[in-house]
Structures are given as C-alpha cells and as structure tokens.
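Student: I have a model open and would like to learn how to read its features. Could you walk me through them?

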Amino acid sequence: MIVPSYNEEETLEEVVTGLVKRGFKVLIIDDGSKDNTPQIARELVKKYKPMVYHYRHLINVGLGGAIRTGIQAALSKDADIMITFDADGQHNPDDLYNMYPPIQDGEADVVIGARDFDDMPTGRRFGNTVMNYITYVFQGSMVKDSQSGLRAFSNKAAQKLDLKSPQYGVSSEIIGEIKRKHLRLKEVPMTTIYDQRTIEKGTNTLVGIKIVLEFLNETLKK
C-alpha cells in the first residue's frame, strides 16, 4: 500500500493502523512534511514492523513525486500489486477488497476506485467533472473518475508507467499512461468519507488551473 503523506499528522496513524489490521503492508511516503508526520511515521514503523516502511523527501516535491517514489519502493520489494491510498482519511479501507481481484484474475492491469459524483459536495463534483474533461483533452482518455487517489497496479503495469508530473497532474497523467502503454483498465465503485479536511485538500479551482497550465507547458514542449 503506497500512502503519500504531506502534513497528515491528524489522520496518518488511524489510516495506517486500519490498513495494517486488514493485513496490508504500508509504504508511507512522507513528502517533506513540516508537522509531526515524520515522527508519527517512525513510530508506526516501530509499532508494526515489518508491515510498515517510511520513506521521506527532505523537501516537498509534490504528489507526483511522492507517487513515483512509492511505486519505485514497491517495485524494489517485488510487490505483485501496489495500491495508492490517500493519507487524509477520505478512503474506506474496506473498498480495497474490490481493488486487487481484477488484477489477480487477469481482467485488468490497473484498477481505479471511482467515486459516486452524486454524493460529492457541489464544488467537488464540479471540479472533478471538469478534470475528467481536461484529462480527456490532454490525455486522450475519458474515465469515470480521473482524479481518484485509489489506484491499483500490477507489477508489470507499474514498471511501464513513465510519470513526469510533479504535482496533482499525475492523476490525469496516469490515465494517459494507461492508454499509451495499452494497459487494461477497470473502474470499480468506491465510497468516500467527506469532512471539512478532505474537502479542503481535494482538487479545487486553483489546483485545476495549475494542472491545465502544466499540461499546456508539456504540450508546447513537444
């Protein structure tokens, strides 16, 4: 389980404990946190060794960088299946039982948990809908939930990913890589726990603008 974490002192212990209790190994990727996240992560390693590992960026490099580090770490440990899981408490760990069977059964190379947009707060629903279309325009693939943080990759699929986006654009970039590398994708339903914290940390208008500018810059370079 790859858990990118940036200033997640309020939720990291609860999230990791929930994963470990369900039998999942956890790779905490601390992306240069400035709060107590590093200390909490180290304590979790001590408490749950050898189920929990901690990797730390000395500076904040962004979600894309944290996911790349997590995938590289999981590959170095010969993980058959690796799943990204947000550290802010918005995911229900029981949804994980729907994520890996399609890969194990040979139906898919990548599985993405798709949120029910009807259950989203209005602002989040609008932002995520727009990002689906932006992903389609720049990455050439339309999916139900391009910005979902719950993703499962087979070992072979993870090896093929060539991710360059340092920030939130990585979510859309992953969709593009699935298409470019001819990987089989399956989306499965997932639940999301919404509270003030998870709403504030989600994709908003400013984040969306930054992603568009990032994609435009990459397009002009080609």
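Tutor: Gladly! Let's start with the central pairing. This is a predicted model, and in it strands S5 (residues 110-114) and S6 (residues 151-154) pair in the antiparallel sense over 3 bridges.

Student: Which residue is the bridge partner of Val110 in S6?

Tutor: Phe153 is the partner of Val110 there. S5 also has strand S7 (residues 185-189) to pair with: these two run parallel and are joined by 5 bridges. One example is Ala114, which stands opposite Pro189 in S7.

Student: Are the faces of S5 covered or open?

Tutor: Both are covered. On one side you find Val110, Ile112 and Ala114, on the other Val111 and Gly113, and all of them are buried. That accounts for 5 of the 5 residues in S5.

Student: Now the overall picture, please. How many helices and strands are there?

Tutor: The secondary structure comes to 9 helices and 7 strands. The protein has 222 residues, and 53% of them are buried. It exposes about 10900 Å², with carbon and sulfur atoms supplying 53% of that area. For contacts with a separation of 6 or more, 77% are between residues 24 or more positions apart.

Student: How should I read a nonpolar core?

Tutor: The general idea is that nonpolar side chains tend to be buried together in soluble globular proteins. Here, the largest nonpolar core has 27 residues, and Met1, Leu12, Leu19, Val26 and Leu96 touch the most other members. Helix H1 (12-21), strand S2 (26-31) and helix H2 (37-48) each supply at least two residues of this core. The largest share, 5 residues, comes from H1. There is also a second, separate core of 23 residues, which includes Ala157, Val170, Ile178 and Leu183.

Student: What does Met1 touch, leaving aside neighbours within four places in sequence?

Tutor: Met1 is in contact with Leu19, Phe24, Lys25, Val26, Leu27, Ile83, Phe85 and Leu96.

Student: And which residues of H1 are buried?

Tutor: Leu12, Val15, Val16, Thr17, Gly18, Leu19 and Val20 are buried, making 7 of the 10 residues in H1. They pack against strand S1 (2-5), S2, H2 and strand S3 (52-57). Just after H1, have a look at Gly23, which takes a positive phi of about 90°.

Student: Next, salt bridges. How many does the structure hold?

Tutor: It holds 9. Take Asp94 and Arg22, whose side chains meet at 2.9 Å, N to O. Asp94 lies in the loop between strand S4 (81-84) and helix H4 (101-104), and Arg22 in the loop between H1 and S2, so the pair ties together parts that are 72 residues apart in sequence. Asp94 is partly exposed, with a relative accessible area of 39%, and Arg22 is partly exposed at 30%.

Student: What about a salt bridge between strands?

Tutor: Look at Arg56 and Asp30, where the closest N and O atoms are 2.4 Å apart. Because Arg56 lies in strand S3 and Asp30 in strand S2, the pair ties together parts that are 26 residues apart in sequence. Arg56 is partly exposed, with a relative accessible area of 34%.

Student: Which residues make the nonpolar surface patch of about 460 Å²?

Tutor: Tyr133, Tyr136, Val137 and Met142 make that patch. Val137 has its place in helix H5 (residues 122-139) and is exposed, with a relative accessible area of 62%.

Student: Last one: where does Thr191 lie?

Tutor: Thr191 lies in the loop between S7 and helix H8 (196-201). With a relative accessible area of 40%, Thr191 is partly exposed. Thr191 and Arg115 are 76 residues apart in sequence, yet their C-alpha atoms are 6.1 Å apart in space. Not counting residues up to four places away in sequence, Thr191 touches Gln90, Asn92 and Asp95.

Note on methods:
Residues are numbered from 1 along each chain as its sequence is written. This is a predicted model: local features need pLDDT of at least 70, side-chain atom pairs count only at pLDDT 80 or more; totals for chains, interfaces and linings use all residues. Side-chain values use heavy atoms; hydrogens and water are left out. Patches are made of residues with over 30% relative accessible area and no salt bridge: like charges are joined within 9 Å, nonpolar side chains (Val, Leu, Ile, Met, Phe, Trp, Tyr) within 5 Å. Accessible areas come from the Shrake-Rupley method with a 1.4 Å probe; for residues, only the protein chains shown count as cover. A salt bridge is a side-chain nitrogen of Lys or Arg within 4 Å of a carboxyl oxygen of Asp or Glu. Helices (H or I, at least four residues) and strands (E, at least two) are DSSP runs, numbered from the N terminus. Buried means under 20% relative accessible area, exposed over 50%, partly exposed in between (1.4 Å probe, protein chains only). Two strands pair if DSSP finds at least two bridges between them. Contact means heavy atoms within 4.5 Å. A nonpolar core is a set of buried Ala, Val, Leu, Ile, Met, Phe, Trp, Tyr and Cys residues joined through side-chain atoms within 4.5 Å.
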